Amino acid sequence: MDLIGCFKDLLAQKEEDEIRRGINLVGPHRDDFLFDINGISLKSYGSQGQHKTFQTVLRFAEFFYLKDKTGNIPLFLLDDVFGELDAERAAAISNYLSTVGQAFITLTDFGNTSFLKMGDEDNVIKISESGNITYA
């Protein structure tokens, strides 16, 4: 059976339970997919940095897939992926962001943003804990 058929079957099997519990029990957000890197399970043995890097790579793949299939350029969103990455990985991802066009990223730590590759037209907006908004 194909992937789409398997997914539809799982949705049908879990439909009543999902409605009763008020949550989704199957799908990519549930980490139902198993990914191996060089034959080693990412879920079981991957570090936090490897997980964040892999999630980011999936976001890039999703972006370029949607761009190719729709002919439109989607917004690129990254939510706090840099917190668990070493400087080298963070810099590599930051460099690659220039290939997507408009990107929105969130950071929780503004202590070191030296890894961010920024062009003249890029803006960093900082929202303080009290809700004040400033350009950083």
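**View 1. Leu 77 and its bridge partner in strand β4.** In this predicted model, Leu 77 has Phe 104 of β4 as its bridge partner. The two residues belong to a parallel pairing in which strand β3, residues 76-79, and strand β4, residues 103-106, are joined over four bridges.

**View 2. Asp 80 in the loop between β3 and α4.** Although Asp 80 is not a glycine, its phi is positive, at about 50°. With a relative accessibility of 23%, Asp 80 counts as partly exposed.

**View 3. Asn 38 in the loop between β1 and β2.** This loop lies between β1, residues 36-37, and β2, residues 40-41, and Asn 38 has a positive phi of about 55° without being a glycine. Asn 38 is exposed, its relative accessible area being 76%.

**View 4. The aromatic pair of Phe 64 and Tyr 96.** Six aromatic pairs are found in the structure, and the one formed by Phe 64 and Tyr 96 is edge-to-face, with 6.3 Å from centre to centre and 70° between the planes. Because Phe 64 lies in helix α3, residues 48-70, and Tyr 96 in helix α4, the pair ties together parts that are 32 residues apart in sequence. Phe 64 counts as partly exposed at 28% relative accessibility, and Tyr 96 counts as partly exposed at 40%.

**View 5. A cluster of aromatic rings.** Phe 60, Phe 63, Phe 64, Phe 76 and Tyr 96 are linked by ring pairs into a cluster.

Technical notes
Residues are numbered from 1 along each chain as its sequence is written. This is a predicted model: local features need pLDDT of at least 70, side-chain atom pairs count only at pLDDT 80 or more; totals for chains, interfaces and linings use all residues. Side-chain values use heavy atoms; hydrogens and water are left out. Two strands pair if DSSP finds at least two bridges between them. Buried means under 20% relative accessible area, exposed over 50%, partly exposed in between (1.4 Å probe, protein chains only). Rings of Phe, Tyr and Trp (its six-membered ring) pair if their centres lie within 6.5 Å; planes under 30 degrees apart count as stacked, over 60 as edge-to-face and the rest as tilted.
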